[in-house]
Each structure stands twice: as structure tokens, then as C-alpha cells.
Amino acid sequence: MIVNNLLKILPVQLETSNDQLDQRITGIYCGDLLSLVMANAQEGNVWITIQNHINVVAVASLVGIAAIIIVEGITVNQEVIDKAEQEGIVIFTTKHSAYDIASICAQNMSFDKK
């Protein structure tokens, strides 16, 4: 599965440019504590979080996250979007909860492991 497919199966809105939508997804990681994301998320994961600050982009870049989904209707400021585009990180937003998004992913997604 590739990042672009998220637009077809999830109730999300694309916040960044669509330059990186062909990246392969290897799994899903849900979490809000940045140190745990750095320790446990895998390259190619989609990260589901409520965090919306510039450090999220730094962590995503460090880990090799394919995309970030910011949940609960949280608005992402332009500084974060600009940094994500510089780093090649796709950001989506949704009004839905992390549980809802993760449930939809579990029901509708399969992943290509590296």
C-alpha cells in the first residue's frame, strides 16, 4: 500500500503538497510521546497522533515515517506544514479520533514489509 491510498480509505484531508504520496507504507504507529515514537515506530509507518508542533516533523524525519495523521480536528500551523514539505513528510488531518482512524486502517489496509 502507498500513502496515496490513505486518501481513498480514510476520512482525512491532505495538508502538505502531494509530492510524496507514492511512498510505501509498512505499518501504523499510534502514539503521542515523541521518545516512544523514536524508539518504536518503524521506517515507512504512518504515525497517528494528536501532536502538531515542529518537533513532530523532526521525529518523523529521523524515523523515516511515510506520513503523519493528526487527529481530533487539531489544526496544523503553517510552520509545521512548511517544515514537513521541506523534509518530504506527508501530513494529513482528520476530525476523527486516533482509535477511529486506527480501526479503519486495521480493517482496510495491508502492508508491504521491507
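This note describes the sheet, helices, cores and selected residues of a predicted model.

1. Basis of the note. Because the model is predicted, local features need pLDDT of at least 70 and side-chain atom pairs count only at pLDDT 80 or more, while totals for chains, interfaces and linings use all residues. Residues are numbered from 1 along each chain as its sequence is written, and side-chain values use heavy atoms, with hydrogens and water left out. Helices (H or I, at least four residues) and strands (E, at least two) are DSSP runs, numbered from the N terminus.

2. The sheet. Five strands form an open sheet in the order S1-S5-S4-S3-S2, with mixed pairing; two strands pair if DSSP finds at least two bridges between them. Strand S1 (13-14) and strand S2 (27-30) are the edge strands, each pairing on one side only. S1 and strand S5 (residues 90-93) run antiparallel and are joined by 2 bridges, and Leu14 has Phe92 in S5 as its bridge partner. By contrast, S3 and S4 run parallel and are joined by 4 bridges; here Ile48 has Ile69 in S4 as its bridge partner. In general, strands of a sheet pair through backbone hydrogen bonds, either parallel or antiparallel.

3. Strand S4. Ala67 and Ile69 point one way from S4, whereas Ile68 and Ile70 point the other way, and all are buried. Here buried means under 20% relative accessible area, exposed means over 50%, and partly exposed lies in between (1.4 Å probe, protein chains only). In a regular strand the side chains alternate between the two faces of the sheet.

4. Helices across the sheet. Helix H3 (residues 54-63) lies across strand S3 (45-49), strand S4 (67-70) and S5, running at about 160° to S3. Helix H5 (residues 98-108) lies across S2, S3 and S4, at about 155° to S3. Axes are lines fitted to C-alpha atoms, for helices over the stretch in contact, and angles run from 0 to 180 degrees between N-to-C directions.

5. The cores. A nonpolar core is a set of buried Ala, Val, Leu, Ile, Met, Phe, Trp, Tyr and Cys residues joined through side-chain atoms within 4.5 Å. The largest has 19 residues, and those with the most contacts inside it are Trp47, Ile65, Ile68 and Ile91. Two or more residues each come from helix H2 (34-40), H3, S4 and helix H4 (78-87), with H3 giving the largest share, 5 residues. A second, separate core has 18 residues, among them Met1, Val3, Ile25 and Val46.

6. Contacts of Ile68. Not counting residues up to four places away in sequence, Ile68 touches Trp47, Thr49, Val56, Ala60, Ile89, Val90, Ile91 and Phe92, contact meaning heavy atoms within 4.5 Å.

7. Helix H3. Val56, Val57, Val59, Ala60 and Val63 are the buried residues of H3. Seen down the axis of H3, they fall within an arc of 165°, so they line one face of the helix; the arc is that of the directions from the helix axis to the C-beta atoms. The buried residues of H3 pack against H2, S3, S4, H4 and S5. Gly64 follows H3 and has a positive phi, near 90°.

8. Val37 in helix H2. Val37 is found in helix H2 and is buried, with a relative accessible area of 0%. Leaving aside neighbours within four places in sequence, Val37 is in contact with Tyr29, Gly31, Trp47, Val59 and Val63.

9. Val80, Ile81 and Ala84 are buried in H4; seen down the axis of H4, its buried residues fall within an arc of 100°, so they line one face of the helix. H3 and S5 are included in what covers them, while Glu79 and Gln86 are exposed on the other side of H4. The structure holds 1 salt bridge, defined as a side-chain nitrogen of Lys or Arg within 4 Å of a carboxyl oxygen of Asp or Glu. Glu87 forms this bridge with Lys83, the closest N and O atoms being 3.5 Å apart. Both residues lie in helix H4, 4 residues apart, about one turn of the helix. Glu87 is partly exposed at 36% relative accessible area, and Lys83 is partly exposed at 30%.

10. Glu72. Although not a glycine, Glu72 has a positive phi of about 70°. Most residues other than glycine have a negative phi. Glu72 lies in the loop between S4 and H4 and is partly exposed, with a relative accessible area of 47%.
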